[in-house]
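Reader: Please show me the structure, and then we can go through its contacts and packing.

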Amino acid sequence: GPVESRNTLKRLPIFMAVALCWACGSDGSAGTGEEPAGPGRLVIIGGGLQAENTPVYQAILEGRSGEGPLCVFPTASASPQESMESAVERIDAVGGPGTAEGIFISRDNPEAAAQPEVADRIRSCSGFYYSGGSQSRIAAAFRPETGDSPAFQAVMELFRNGAVVSGSSAGAAIMNDPMIGGGSSEGALAEGIRGPGEDGEGVILQKGLGFLENTLVDQHFLARGRWARLLVAVTETEAFTFGAGIDENTALVVEGDAARVVGASGVVFFDTGSAMVREAERSAGGIVVYLLGDGDRVDLGDGTVRFDPGKSE
């Protein structure tokens with residue numbers, strides 16, 4: 001649907017209560033691997049995932065449901081065959097030969113997402129991984145203007161029944177609906193939000209796949225300085241209470257409302273709706289900002305942050 005603007009960024013001063021805690025004192029544990037009840041796990045990676053970052057790959061594999069392969073979609077990539085083969089190789093290096101399998105839906109054959117045999121193959125998967133590139137290519141293939149594809153319906157069906165959905169870079173952006181489709185921090189501050197195809201420099205919000213509600217994600221976050229892009233997108237829409245800016249080689253692992261950080265860098269968490277925000281609004285503004293590192297946790301229902309107790313102050 002259309003994005004409703006609140007324009008709060010332009011009319012409210014911003015109070016930023018910054019809680020800093022980095023990747024000190026954490027063992028990088030990826031969890032127990034128990035199958036979730038209901039919707040599956042999301043492993044949302046900020047891009048630049050390194051082959052040796054085993055805890056992130058483990059977080060993906062431990063979220064699988066069933067005995068099928070973890071299926072890789074290279075749809076976002078400009079070099080989809082290479083992207084698919086690389087992702088399968090890296091996942092197999094952690095999970096063993098045959099753990100992952102590619103499903104070739106690309107910008108050159110988006111019609112594959114509409115083929116019943118492809119949807120049937122997707123239903124044999126235990127989970128999914130979307131590689132990086134352009135998130136618009138994923139949306140165009142899986143959720144075209146003509147209506148949701150059978151491939152999308154199959155992925156969503158399995159996710160709702162416990163299968164993991166993961167993605168890096170563009171594969172992280174598609175977790176939302178609407179999703180961030182492009183734009184810079186400078187353009188977002190100057191012009192706010194714009195729709196796909198509209199002229200201007202503002203942050204683009206467009207149709208995504210919609211696995212994650214209430215929390216808008218952005219990727220390559222610290223490496224590319226995307227603070228204002230995400231801040232504008234969260235504060236000028238009604239769809240999201242929280243924003244999560246995920247840096248490179250780092251993942252936000254989400255199960256229901258429970259989310260934790262896994263990886264080498266951090267996640268910037270914008271809170272515009274908790275009790276802390278309401279307290280801040282009495283004095284200055286309405287945004288609380290946390291910098292979370294490996295092992296830190298956040299409740300995406302109420303915004304409660306819990307730092308890893310093994311870390312020093």
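**Contacts and packing**

Author: Setting aside residues up to four places away in sequence, F142 touches F73, T75, I105, Y130, D148, S149, A151, F152, V155 and L209, where contact means heavy atoms within 4.5 Å. The model is predicted: local features need pLDDT of at least 70, side-chain atom pairs count only at pLDDT 80 or more, and totals for chains, interfaces and linings use all residues. Residues are numbered from 1 along each chain as its sequence is written, and side-chain values use heavy atoms, with hydrogens and water left out.

Reader: Which residues of helix α5 are buried?

Author: Helices (H or I, at least four residues) and strands (E, at least two) are DSSP runs, numbered from the N terminus. The buried residues of α5 pack against β3, β5, α6, α7, β7 and β10. Within α5, residues 135-142, they are Q135, I138, A139, A141 and F142.

Reader: At what angle do the axes of α2 and α3 cross?

Author: Axes are lines fitted to C-alpha atoms, for helices over the stretch in contact, and angles run from 0 to 180 degrees between N-to-C directions. T54, Y57, Q58 and L61 of α2 meet R90, I91, V94 and G95 of α3. The axes come within 10 Å and cross at roughly 85°.

Reader: Which parts does the disulfide tie together?

Author: A search of the whole structure finds one disulfide, a pair of cysteine sulfur atoms within 2.5 Å. The disulfide joins C71 to C125, with S to S 2.0 Å, and is left-handed, at -85° about the S-S bond. The pair ties together parts 54 residues apart in sequence, because C71 lies in strand β3 and C125 in the loop between α4 and β5.

Reader: Is S168 buried or exposed?

Author: S168 is found in strand β6. Leaving aside neighbours within four places in sequence, S168 is in contact with I45, G47, G48, L49, Y129, Y130, S131 and G132. With a relative accessible area of 6%, S168 is buried.

Key:
Buried < 20%, exposed > 50% of the residue type's maximum accessible area, 1.4 Å probe, protein only.
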